[in-house]
Amino acid sequence: MENCDKIEAQSHEEYLLKLLRLELEHRDASRKDRLLKNAGFYTIKTFAGYIFDEIKLPQGLTPQDLKDCKFLEEKKNLILYGNVGTGKTHLATAIGVEACKKGYNVKFFRTAALVNRLVEARKGGELSGLLKQLSKPDLLICDEWGYVPLDREGAQLLFQVISDCYERRSVVITTNLEFSRWASIFYDEQMTAAMIDRLIHHSYLLIFDGQSYRMRQSLMRQLS
């Protein structure tokens, strides 16, 4: 181990104890770095400077609860709903990053990309292996849910993933599509209703009421 020759101790026992502590800290840090790397985040976002002023949090959920990943302990889901550009992906990523730091296994996908992987896996005879991989994370994040219409096969495969998560692990989705319009994306009304039921049964709904950050920044640049 690096720096083991720099340990100061009055006895062999104290030296070994400090060495063991350093080894455990190193392994813990390495594991969390690995979890962060394997999560699949497109960019790393944190809570630093994040503003909750224009987000309606449900009763019983605070910003600190999100930072502490309390919902993961409860095996609850988070549904982040609001207009494009209002900070949903940022918050979902920040939550995922914090979860990794706490030792949770996290997987982040853009929903359309996840569905494409599922369809390709089925075509290649590798679906069972992919589903097994998707059963391992403590937290599955599906970004841009409903942004791209799915065919029947893709919708069925996504439903299978969500059903497998039900009451076993947490799901975070970001969407700009209200529940009443989900059937237009997933085609099958019965399956859509079943998917909504599984997602909202144990969940917190966060509503993003603000104006698009990107639009706001664009307007500010035009005015400056």
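Ala, Val, Leu, Ile, Met, Phe, Trp, Tyr, Cys and Pro count here as nonpolar, Asp, Glu, Lys and Arg as charged, and the others, Gly among them, as polar. The model is predicted: local features need pLDDT of at least 70, side-chain atom pairs count only at pLDDT 80 or more, and totals for chains, interfaces and linings use all residues. Residues are numbered from 1 along each chain as its sequence is written, and side-chain values use heavy atoms, with hydrogens and water left out.

The structure holds 2 cavities of 30 Å³ or more. A cavity is a set of points on a 1 Å grid, over the protein atoms alone, where a 1.4 Å probe fits but cannot get out; lining residues have an atom within 4 Å of a point. The largest cavity has a volume of about 60 Å³, the volume being the space filled by probe spheres set on the points. Its lining has 4 nonpolar, 2 polar and 4 charged residues. Among them are Lys75, Glu167, Arg169, Ile162 and Arg198.

Now take helices α7 (residues 152-165) and α9 (residues 189-200). Their axes, lines fitted to C-alpha atoms over the stretch in contact, come within 10 Å and cross at roughly 25 degrees. α7 and α9 are therefore roughly parallel to each other, a term for angles under 35 degrees. Helices are DSSP runs (H or I, at least four residues), numbered from the N terminus. On the α7 side, Ala155, Gln156, Phe159, Ile162 and Ser163 make the contact; on the α9 side, Met191, Ala194, Met195, Arg198 and Leu199 do. Contact means heavy atoms within 4.5 Å. By class, this contact has 7 nonpolar, 2 polar and 1 charged residues.

Conventions:
Axes are lines fitted to C-alpha atoms, for helices over the stretch in contact, and angles run from 0 to 180 degrees between N-to-C directions. Helices (H or I, at least four residues) and strands (E, at least two) are DSSP runs, numbered from the N terminus. Angles under 35 degrees count as roughly parallel, over 145 as roughly antiparallel, 65 to 115 as roughly perpendicular and the rest as oblique. On a 1 Å grid over the protein atoms alone, a cavity is a set of points where a 1.4 Å probe fits but cannot get out, and a pocket is an open set with protein on both sides within 12 Å along at least five of seven lines; lining residues have an atom within 4 Å of a point.
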